[in-house]
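Welcome! Please take a moment with the sequence and the structure shown here, and then let us walk through the model together.

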Amino acid sequence: MENLGFLVLRLFFGMIFVMHGCQQVLPSFGGGTGLKGTEDTVARIGFRPTWLWARFLGFGTLTGGCLLTFGLFTALGAAVVVTIMTVAIVTTKLNRGFWNRDRGYEYNL
């Protein structure tokens, strides 16, 4: 039964990050402009060169989500996703506080 719980968690969070990565790389799941939009976001945050960091972000999220979903190199996939979300919290959300109602880092965490 414990293994079933881990499977459900891995599939749930893995697919969330697969879809989030697809938003950042492709214009899918409501992501709009794909890599162009991700580059704009990365530029607004201040990372340079934007094209490189946008690809790290988008493909890292997508790959990390796939690794979690399929249970391949799970520790590596989790490390990639945790690193990306930690950078997202520190660079864009930390100064807004915890609660999502204030656009804080509640959901990112």
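## The loop between α2 and α3

Pro 49 sits in the loop that links α2 and α3. The peptide bond between Arg 48 and Pro 49 is cis, with an omega of about -5°. Please keep in mind that this is a predicted model, so everything described here is computed from predicted atoms.

## How α2 meets α3

Two packed helices are described by the angle between their axes and the distance between the axes. What are these values for α2 and α3? The axes of α2 and helix α3, which covers residues 50–70, come within 8 Å and cross at roughly 115°. That angle makes α2 roughly perpendicular to α3, as angles of 65 to 115 degrees count as roughly perpendicular. The crossing of these two helices, α2 and α3, is right-handed.

Which residues make this meeting? From α2 come Leu 35, Thr 38, Glu 39, Val 42 and Ala 43. Their partners in α3 are Thr 50, Trp 51, Trp 53, Ala 54, Arg 55, Leu 57 and Phe 59.

## The buried side of α2

Within α2, the buried residues are Leu 35, Gly 37, Thr 38, Glu 39 and Val 42. The buried residues of α2 pack against both α1 and α3. An α-helix has 3.6 residues a turn, so residues three or four places apart point the same way.

Thr 38 belongs to helix α2, which spans residues 35–45. Is Thr 38 buried or exposed? Thr 38 counts as buried because its relative accessibility is 6%, and the cut-off for buried is under 20%. Setting aside residues up to four places away in sequence, Thr 38 touches Gln 24, Ala 54 and Leu 57. With Gln 24 there is a polar pairing to look for: a polar atom of the Thr 38 side chain lies 2.6 Å from the backbone oxygen of Gln 24.

Glu 39 is also in helix α2. Its relative accessibility is 18%, so Glu 39 counts as buried. Apart from neighbours within four places in sequence, Glu 39 is in contact with Thr 50, Trp 51, Ala 54 and Arg 55.

## α1 alongside α3

Now turn to helix α1, made of residues 2–25. The axes of α1 and α3 come within 7 Å and cross at roughly 155°. The two helices, α1 and α3, are therefore roughly antiparallel to each other, and their crossing is left-handed. On the α1 side, the residues in contact include Arg 10, Leu 11, Gly 14, Met 15, Phe 17 and Val 18. On the α3 side, the residues in contact include Leu 57, Gly 58, Phe 59, Thr 61 and Leu 62.

Val 8 is another residue of helix α1. Val 8 counts as partly exposed, at 49% relative accessibility. How far apart are Val 8 and Thr 69, in sequence and in space? Val 8 and Thr 69 are 61 residues apart in sequence, and their C-alpha atoms are 9.6 Å apart in space.

## Cysteines without a disulfide

A disulfide is a covalent bond between the sulfur atoms of two cysteines. How many disulfides are there in this model? With a cut-off of 2.5 Å between cysteine sulfur atoms, the count comes to zero. Cys 22 is in no disulfide, and the nearest cysteine sulfur, that of Cys 66, is 7.4 Å away. Cys 66 is likewise in no disulfide.

## Two residues with positive phi

Phe 73 is located in the loop between α3 and α4, the helix of residues 74–93. The phi of Phe 73 is positive, near 45°, in a residue other than glycine. At 64% relative accessibility, Phe 73 counts as exposed.

Arg 103 is placed in the segment after α4. Although Arg 103 is not a glycine, its phi is positive, about 60°. Arg 103 counts as exposed, with 55% relative accessibility.

Key:
Residues are numbered from 1 along each chain as its sequence is written. This is a predicted model: local features need pLDDT of at least 70, side-chain atom pairs count only at pLDDT 80 or more; totals for chains, interfaces and linings use all residues. Side-chain values use heavy atoms; hydrogens and water are left out. Helices (H or I, at least four residues) and strands (E, at least two) are DSSP runs, numbered from the N terminus. Buried means under 20% relative accessible area, exposed over 50%, partly exposed in between (1.4 Å probe, protein chains only). A polar contact is a pair of N or O atoms within 3.5 Å; within protein, one must be able to donate a hydrogen and the other to accept it, and residues adjacent in sequence count only if both atoms are side-chain atoms. Contact means heavy atoms within 4.5 Å. Axes are lines fitted to C-alpha atoms, for helices over the stretch in contact, and angles run from 0 to 180 degrees between N-to-C directions. Angles under 35 degrees count as roughly parallel, over 145 as roughly antiparallel, 65 to 115 as roughly perpendicular and the rest as oblique. A crossing is left-handed if the near helix is turned anticlockwise from the far one by less than a right angle, and right-handed if clockwise.
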